[in-house]
Amino acid sequence: MKNNLAKFSEFANSLYPHEVEYLLSIQNFSTQVNLQILKHIQYNIKNSEHAKPFESEIDKRKYSYLKNWIETKLSEIDVDHYYDWLIGIEKKIMTDSIMPEEERDLLQRTKTSKNTHYYFIRFYELLQYYRDYLLIRVRNKYHAPVSEYLRNNEAHYNYVTDLNTRLNAAAVDIVMQHDQSEIQSRQWEEFLLNTFFDSTIDGYTRYRALVRLTFLYYNYREFDKLKTVYNKLDDYFKCDIFYSKRILSNYYANRGMMHSKLNELTEAERYGYLSIRQKNSDYLFYLISLCGVLLKRKKQKEALEIMTASMPEIKKTESFYNKIGFVAFYIRTLVANNLVSKAVSYAETYLEAYKKEIMMHRWHLFFSAYFQALTKAEKYEKVLSLSHRYKLVSKEKQFMAEAKYLPILYWYSTVAEYMEGSFSDEKMEQTIIKSGNLLIKNDYKISKIKELLAELTPILPANFERICKGLEM
């Protein structure tokens, strides 16, 4: 009995809050105890630090029934499960191996599948393949309902495929703006908002619009606008529009990052932990974001435990973007735990092994962490050596005009110049004040500058007290 409840508890703890919200909205139990258990799951999810054990007095068959019911109901709306079915049936049609019962199921779906379904476009294209399959075999009985579905939805299919073509064009501008400051993407905002909020089109198209909208608001650092959109998305996730564990995990990670940018750290941590419950191809990316939040909340021991336990995940990923991100935050986490020598050694070893990849991908993030470690270790000459060798300050200044990067490397290099005797107090202070005042335009940048000042102040308290007074914040 104890083992059975342990397994059920493990299953219940793997559920996401939005999954339980949805299940509660559709439940129609004839037995009150089923609802009691489901509400118990909801309570534990909302109060994870004060979770209550499941009642052993309840018949274990009730737990077994509820587990099966939950898995069935979530599977029915899981868009990833649906996509697996689509791909499987398409392969069978293309290889002439579809079975009679599978054909009957496919025909039944033409009666129930609406053009607002998440994968309407792929379902429509599947039926196009199937119609050709039937035509060649002169199977008019099945051909008629398939043709009717295609005919009735042709105009809508053409409309949403055109939307997706425009979404592809939007992605080019939005992503390129991230790398090239002269490109703008504001012109896509209204189109993306209209597409996301359009309940008459399929979920896949709407979600693609949301992804681009998220990126756009990050480009312009407009996190309050993003929060408004995410609050609406939060309601959608309690329904059957966008559901899959993969999509939910992605949402929790993005929401966590958004709250972090807004300095809403309690919420950022909560969503961060939700995002790493399921291990997928983006797990490292989500983990990095969570560790950043934990460091901000001075929970450096927790951050180190999580990162150390996740070290094997680095070997599994092919993404140097995620690898370098992980390494940078691991260096910062070591510094936060006063393991400065280890941080410097780890950074030095990684740079030696992956110079090319670092400079191609996340050089600013990596060297920001490395310079912090070197400064903590009082290795100022090494800071200047790396800065000159890789022309880091000049590279950083190229992006500072659009405020894509803060002057982190510039300020650390300036402090290093001062420590090495090349700058006077006044020159060092005025250099930092001048560059800082150029970037103070909105609350987000002010918040990030304050974080950078908090990093540097312990090194030269008196100097940075004067610098803080000179900054127009």
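This briefing covers the overall build of the protein, then a few residues and ring pairs.

The model is predicted: local features need pLDDT of at least 70, side-chain atom pairs count only at pLDDT 80 or more, and totals for chains, interfaces and linings use all residues. Residues are numbered from 1 along each chain as its sequence is written, and side-chain values use heavy atoms, with hydrogens and water left out. The protein has 26 helices and zero strands. Helices (H or I, at least four residues) and strands (E, at least two) are DSSP runs, numbered from the N terminus.

**Overall build**

- The C-alpha trace spans about 90 × 60 × 40 Å along its principal axes.
- Of the 473 residues, 50% are buried. Buried means under 20% relative accessible area, exposed over 50%, and partly exposed in between (1.4 Å probe, protein chains only).
- Contact means heavy atoms within 4.5 Å. Among contacts between residues at least 6 apart in sequence, 67% join residues at least 24 apart.
- The accessible surface comes to about 23,700 Å², and carbon and sulfur atoms account for 50% of that. Areas come from the Shrake-Rupley method with a 1.4 Å probe; for residues, only the protein chains shown count as cover.
- The protein carries 68 positive and 60 negative charges, and their mean positions are 2 Å apart. Lys and Arg count as positive, Asp and Glu as negative; His and the chain ends are not counted. Each charge is placed at NZ of Lys, CZ of Arg, CG of Asp or CD of Glu.

**Helix α13**

- Helix α13 covers residues 265-275, and its buried residues are Leu 265, Ala 268, Glu 269, Tyr 271, Gly 272, Leu 274 and Ser 275.
- These buried residues pack against α2 (17-26), α11 (223-236), α12 (245-261), α14 (283-296) and α15 (300-309).

**Thr 333**

- Thr 333 sits in helix α17 (residues 320-336). Its relative accessible area is 0%, so Thr 333 is buried.
- Leaving out residues up to four places away in sequence, Thr 333 touches Leu 295, Gln 300, Ala 303, Leu 304 and Met 307.
- Ala 303 is 30 residues from Thr 333 along the chain, yet their C-alpha atoms are separated by 6.7 Å.

**Aromatic pairs**

- There are 40 aromatic pairs. Rings of Phe, Tyr and Trp (its six-membered ring) pair if their centres lie within 6.5 Å; planes under 30 degrees apart count as stacked, over 60 as edge-to-face and the rest as tilted.
- Tyr 251 and Tyr 252 form a tilted pair, because their ring centres are 5.7 Å apart and their planes lie at 45 degrees. Both Tyr 251 and Tyr 252 are buried.
- Phe 367 and Tyr 390 are also tilted, with centres 5.5 Å apart and planes at 40 degrees. Phe 367 belongs to helix α20 (residues 363-376) and Tyr 390 to the loop between α21 (380-389) and α22 (392-400), so the pair ties together parts 23 residues apart in sequence.
- Phe 367 is buried at 0% relative accessibility. Tyr 390 is buried too, at 13%.

- A charge sits over a ring if NZ of Lys or CZ of Arg is within 6 Å of the ring centre and within 35 degrees of the ring normal.
- The charged end of Lys 67 sits over the Phe 11 ring, 5.1 Å from its centre.
- Arg 186 lies over the face of Tyr 220, 4.1 Å from the ring centre.
- Tyr 220 is placed in the loop between α10 (203-219) and α11. Tyr 220 is buried, with a relative accessible area of 19%.
- Beyond its neighbours within four places in sequence, Tyr 220 contacts Gln 177, Gln 184, Ser 185 and Arg 186.
- Tyr 220 and Thr 333 are 113 residues apart in sequence and 28 Å apart in space, C-alpha to C-alpha.
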